[in-house]
Amino acid sequence: MIQIDRTLHRGDILIAHRRLDGTVDQYLVRNAFTDGGLGYLAARAAGEAGDVISHMALGEGDTPEDGTSTTLEAEIAGSRVAVSITGTGPSRIYTAVFGETVGNGAITEAGLFNAATGGLLTNRAVFGVKTKVPGEIMTFVWTLSQQRA
């Protein structure tokens, strides 16, 4: 008998949105690994060279994620920022701060990339509109985990 080890790749995003009046709204969003992102995980596990996930971007696209995306549907110009990476074991946490003049608009999607421009979209999330105006700050804390299903 062959036993198959089932693994679940999961991503959750905590969004903290500091409004102009100082209040903070928080949202929890689920994400999808793209086909490219799953290939990226397999390649990294095999020791194949590849740039690490290093940037996050915001967009205004609303097409549901089916795993086949290679870019954000409508990336907001100038919204791609470097992430800080923490975590050990089966989880990594990617944190990005979108400052007062970065990523303003009607945000409906976010993505993780392995480059400052272009690069591989490893994960994408689509969610209800979160409007960010100049002067507001949004922090995205994106946790990627691998666990037994």
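**Terms and the values behind them**

Mentor: We can begin with G11, which, apart from neighbours within four places in sequence, is in contact with V29, R30, N31, F33, T143 and L144. Please keep in mind throughout that this is a predicted model.

Trainee: What makes V29 count as being in contact with G11?

Mentor: The word contact asks for heavy atoms within 4.5 Å, and V29 is listed among the residues that are in contact with G11 once the neighbours within four places are left aside.

Trainee: Where is G11 found, and why is G11 called buried?

Mentor: G11 is found in strand β1, which covers residues 7-18. Its relative accessibility is 2%, and buried means under 20%, so G11 counts as buried.

Trainee: How do you know that N123 is buried?

Mentor: N123, which lies in strand β9, has a relative accessible area of 0%, and because the limit for buried is under 20%, the word applies to N123.

Trainee: What makes the link between N123 and N31 a polar contact?

Mentor: Their side chains are joined at 2.8 Å, and a polar contact requires a pair of N or O atoms within 3.5 Å, one able to donate a hydrogen and the other to accept it. The side chain of N123 also makes a polar contact of 2.8 Å with the side chain of T122. Leaving aside neighbours within four places in sequence, the residues in contact with N123 include N31, F33, T34, A110 and W142.

Trainee: Which strands pair with β9, and how do you know that they do?

Mentor: Two strands pair if there are at least two bridges between them. Strand β3 (residues 32-33) is joined to β9 (residues 121-132) by 2 bridges and runs antiparallel to it, while strand β8 (residues 105-113) pairs with β9 in the antiparallel sense over 8 bridges. Within these pairings, F33 stands opposite N123 in β9, A110 stands opposite A125 in β9, and F113 has L121 in β9 as its bridge partner.

Trainee: What is the order of the strands in the open sheet, and why are β3 and β5 said to stand at the edges?

Mentor: The sheet has 5 strands in the order β3-β9-β8-β4-β5, with antiparallel pairing. Both β3 and β5 (81-82) have a single partner strand, so one side of each is left without a neighbour in the sheet. For β5 that partner is β4 (residues 55-59), joined by 2 bridges, and in β5 the bridge partner of H55 is A82. β4 also pairs with β8 over 5 bridges in the antiparallel sense, with M56 opposite L112 in β8.

Trainee: Why is β8 described as largely enclosed?

Mentor: Of the 9 residues of β8, 8 are buried, so the strand is largely enclosed by the rest of the structure. E109 lies in this strand, and at 0% relative accessibility, against a limit of under 20%, E109 counts as buried. Its side chain joins that of R124 in a polar contact of 2.9 Å, and a polar atom of the side chain of E109 lies 2.8 Å from the backbone nitrogen of A74.

Trainee: Which residues lie nearest the centre of the largest pocket, and how many residues line it?

Mentor: The lining has 17 residues, of which Y40, L41, R92, Y94 and Q146 lie nearest the centre. The elements giving two or more residues to this lining are α1 (35-45), β7 (91-98) and β10 (137-148), and α1 gives the most, with 5 residues. The lining divides into 11 nonpolar, 4 polar and 2 charged residues, and the volume of the largest pocket is about 350 Å³.

Notes. Residues are numbered from 1 along each chain as its sequence is written. This is a predicted model: local features need pLDDT of at least 70, side-chain atom pairs count only at pLDDT 80 or more; totals for chains, interfaces and linings use all residues. Side-chain values use heavy atoms; hydrogens and water are left out. On a 1 Å grid over the protein atoms alone, a cavity is a set of points where a 1.4 Å probe fits but cannot get out, and a pocket is an open set with protein on both sides within 12 Å along at least five of seven lines; lining residues have an atom within 4 Å of a point. Grid points are joined across faces, edges and corners, and a volume is the space filled by probe spheres set on the points. Helices (H or I, at least four residues) and strands (E, at least two) are DSSP runs, numbered from the N terminus. Ala, Val, Leu, Ile, Met, Phe, Trp, Tyr, Cys and Pro count as nonpolar, Asp, Glu, Lys and Arg as charged, and the others, Gly among them, as polar. Buried means under 20% relative accessible area, exposed over 50%, partly exposed in between (1.4 Å probe, protein chains only).
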